[in-house]
Amino acid sequence: MPEKPFDWLINPFIFRFEWSVLLSAVLISLIAWHYRPFRALNLRAKEFSRDRRAAIISVMLLAGVGRLLLMPLLGFPKAGIADEFGYLLSADTFLHGRLTNPTHSMWIHFETFNVFHIPTYQSQYPFGSSAVLALAKLALGHCWWGVFLITVLLCGAVVWALQAWVPPYWAWVAGIFVALRIGLFHYWMNSYWGGSLAALGGVMVMGSLPRLAGFGRKDAWQPRHVWRNAYCAALGLAILACTRPFEGLLLSLPLGTALLWRLWKASERRTMRRVLAATATVLVPLFAFTLYYQWRVTGKAFKSPYAVTIEQYYVSQPFIWQQPLPVPKYRHLELRRNLVNFQTQKSERNKYLLGYFEATQERFVIYWACFVGPLLSLVFLFGYRALLQRKMQLLWAAGWALIAGLAVQNWIQAHYLAPGFLLIVLFLLQGGRYLRALRWHRLGQKITRPMLVAAVVLVIARAAFFNREVDFGPWPPSWAFRTMNVRQRDRFEEKIAPRPGKQLVIVHYNPAFHVTHDEWVFNMADLDNEKIVWARSMDAKNNCELAHYYRGREIWLVKEAGAVVESQIVPEEEICDLRLDIYKPAKPASVLFPEAFKKTK
């Protein structure tokens with residue numbers, strides 16, 4: 001978070017550049033306004049958007065082809081966040097034909113964030129996103145193709161869902177913005193965090209609702225396609241259940257209750273039976289499989305992998321009213337520094353009014369940076385009027401339920417809001433429509449028309465700046481976010497990957513310089529047969545046992561001290577030597593940084 005109160009409005013550089021592009025476009029529009037060319041263009045756009053399928057396909061092509069054209073710049077994303085490695089671990093587990101992995105005999109060297117090794121070896125996350133990554137790897141050769149296809153589908157699904165709530169032209173315009181802001185550089189497209197899949201589930205639910213019961217536009221109701229829309233809603237619920245179950249439940253309960261009440265009140269008993277049958281057909285098998293999956297992974301059907309990680313490693317808990325857990329006995333300093341010092345400090349502030357206010361401000365800034373930014377800030381301010389629209393009160397009620405659930409969580413991430421992504425898009429769209437309705441000298445039209453042009457200019461500029469040292473973050477993530485990576489680890493992996501044979505990499509951190517988020521130790525499912533196995537350095541006895549277990553591999557010793565990394569190949573007998581410098585006591589910070597510890601007079 002920026003230190004100054006409103007520094008987040010202009011930092012990083014991309015925000016200052018975005019303000020400049022927006023203001024320049026609006027200024028040109030105000031000075032050199034010619035309505036006739038825009039009117040002719042609008043008429044053609046409205047005529048095209050009436051073909052609803054063409055509008056959906058065009059937005060999907062914009063996102064898909066646009067991202068493919070950026071492949072020479074962006075390539076395949078590399079995982080750099082602990083969450084991403086967790087999803088990839090589960091995907092690799094599924095690709096090996098199993099739901100979880102047996103505990104490895106050397107597991108204490110492989111402990112890392114968001115992963116547990118007892119009773120089995122698996123990540124803490126729901127299986128939905130990882131299943132998509134696994135299917136993509138199996139069918140197309142790389143996990144990221146799953147992210148790509150889901151994000152492209154999300155862009156098209158937004159247009160489809162909005163066509164039931166707003167006129168087709170505005171649904172198409174919103175879809176174009178989603179393709180430009182989410183489908184190209186956004187971290188939902190360029191990482192493995194799973195935001196797009198949860199968002200797709202929410203969009204499918206909210207897009208099916210008007211088609212089943214007559215909410216939204218009058219022409220949205222489709223009594224002839226009840227089964228199709230019912231299964232679409234049920235599939236959306238299933239996606240939410242296996243990606244973001246808590247937030248998905250908060251969003252779905254008001255919507256599902258309103259749907260059944262409307263059908264009951266309108267005496268549409270046949271439609272209600274079909275909706276319930278379709279929902280049961282999808283959700284009952286999913287619920288049964290989830291219980292089986294949890295039983296295989298955790299040993300208990302009603303105990304989630306997430307709960308196991310909380311019990312074994314965490315001190316702070318998910319909700320603000322929960323008391324901290326006893327500090328576990330950590331075997332590695334890096335885990336303790338992150339889970340006790342960093343995360344507990346973040347969580348404990350919510351127990352005080354000023355701290356909770358600070359956390360709320362942080363949550364707003366993260367959501368603003370990720371979904372709004374300078375370009376859409378003005379339409380965001382006008383969005384409050386959309387909350388007064390009677391036909392959308394149901395959606396806003398579901399949105400308030402989701403916001404209330406997020407407000408009582410200790411941890412903050414933009415993709416926690418993913419199930420309600422359509423609500424964000426609809427809120428901004430309606431704000432833009434109200435802004436456009438300002439009639440004083442056609443001021444509203446002069447302000448809103450250049451926004452799409454500005455969005456295109458920003459995408460081109462982002463592509464031009466990609467390989468330059470330009471400040472795009474790293475946090476909070478914006479539409480132009482450069483995916484976070486542990487660059488030193490990536491360079492080292494590229495260095496040793498072409499070498500023949502298999503490698504064991506023993507990582508030793510200098511605690512005075514190591515950044516807790518720059519983690520090196522992440523592995524996939526098959527710890528015995530992976531080409532590169534990453535392990536934490538421990539004492540001489542444990543390291544010697546590890547080297548002996550992986551005898552026959554090339555052993556690398558990596559000494560990481562922040563930006564300074566030393567690496568060398570060491571024989572097994574040297575790893576077992578007590579005289580090796582990594583076994584010497586680390587110098588305290590007062591010795592390394594004496595100037596910082598001098599007493600002031």
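**Packing and backbone of a predicted chain**

Reader: Pro-12 lies in the segment before helix 1 (13-31). Which residue does a cis peptide bond join to Pro-12?

Author: This is a predicted model. Most peptide bonds are trans. The bond into Pro-12 is cis, with omega about 10°. The partner in that bond is Asn-11.

Reader: Asn-114 sits in the loop between helix 5 (82-95) and strand 1. Is Asn-114 buried or exposed?

Author: Most residues other than glycine have a negative phi. Phi of Asn-114 is positive, near 65°. Its relative accessibility is 10%, and the cut-off for burial is under 20%. Therefore Asn-114 counts as buried.

Reader: Ser-267 also has a positive phi, about 60°. Is Ser-267 buried or exposed?

Author: Ser-267 is in the loop between helix 11 (245-265) and helix 12 (269-298). Its relative accessibility is 52%, and exposed means over 50%. So Ser-267 counts as exposed.

Reader: How do the axes of helix 7 (residues 144-162) and helix 9 (residues 195-213) lie: roughly parallel or roughly antiparallel?

Author: The axes are 9 Å apart, at an angle of about 20°. Angles under 35 degrees count as roughly parallel. So helix 7 is, relative to helix 9, roughly parallel.

Reader: How many nonpolar residues are in the contact of helix 7 with helix 9?

Author: The helix 7 side includes Ile-150, Leu-153, Leu-154 and Trp-160. Besides four polar residues and one charged residue, the contact has a nonpolar count of 12.

Reader: Thr-448 is in helix 19 (residues 443-464). Which residues does Thr-448 contact, leaving aside neighbours within four places in sequence?

Author: Thr-448 has 15% relative accessibility, so it counts as buried. Beyond its sequence neighbours, its contacts are Gly-432, Leu-435 and Arg-436.

Reader: What radius of gyration does the chain have?

Author: The chain has 23 helices and six strands. Its C-alpha trace spans about 80 × 60 × 50 Å along the principal axes. A compact globule of 601 residues would be near 25 Å, which agrees with the chain's radius of gyration of 26 Å.

Definitions and conventions: Residues numbered from 1 in each chain as written. Predicted model: local features only at pLDDT ≥ 70, side-chain atom pairs only at ≥ 80, totals over all residues. Heavy atoms only, no water. Axes fitted to C-alpha atoms, helices over the stretch in contact; angles between N-to-C directions. Helix = DSSP H or I, 4+ residues; strand = E, 2+ residues; numbered from the N terminus. Parallel < 35°, antiparallel > 145°, perpendicular 65-115°, else oblique. Contact = heavy atoms within 4.5 Å. Nonpolar A, V, L, I, M, F, W, Y, C, P; charged D, E, K, R; others polar. Rg over C-alpha atoms; globule rule 2.2 N^0.38 Å. Buried < 20%, exposed > 50% of the residue type's maximum accessible area, 1.4 Å probe, protein only.
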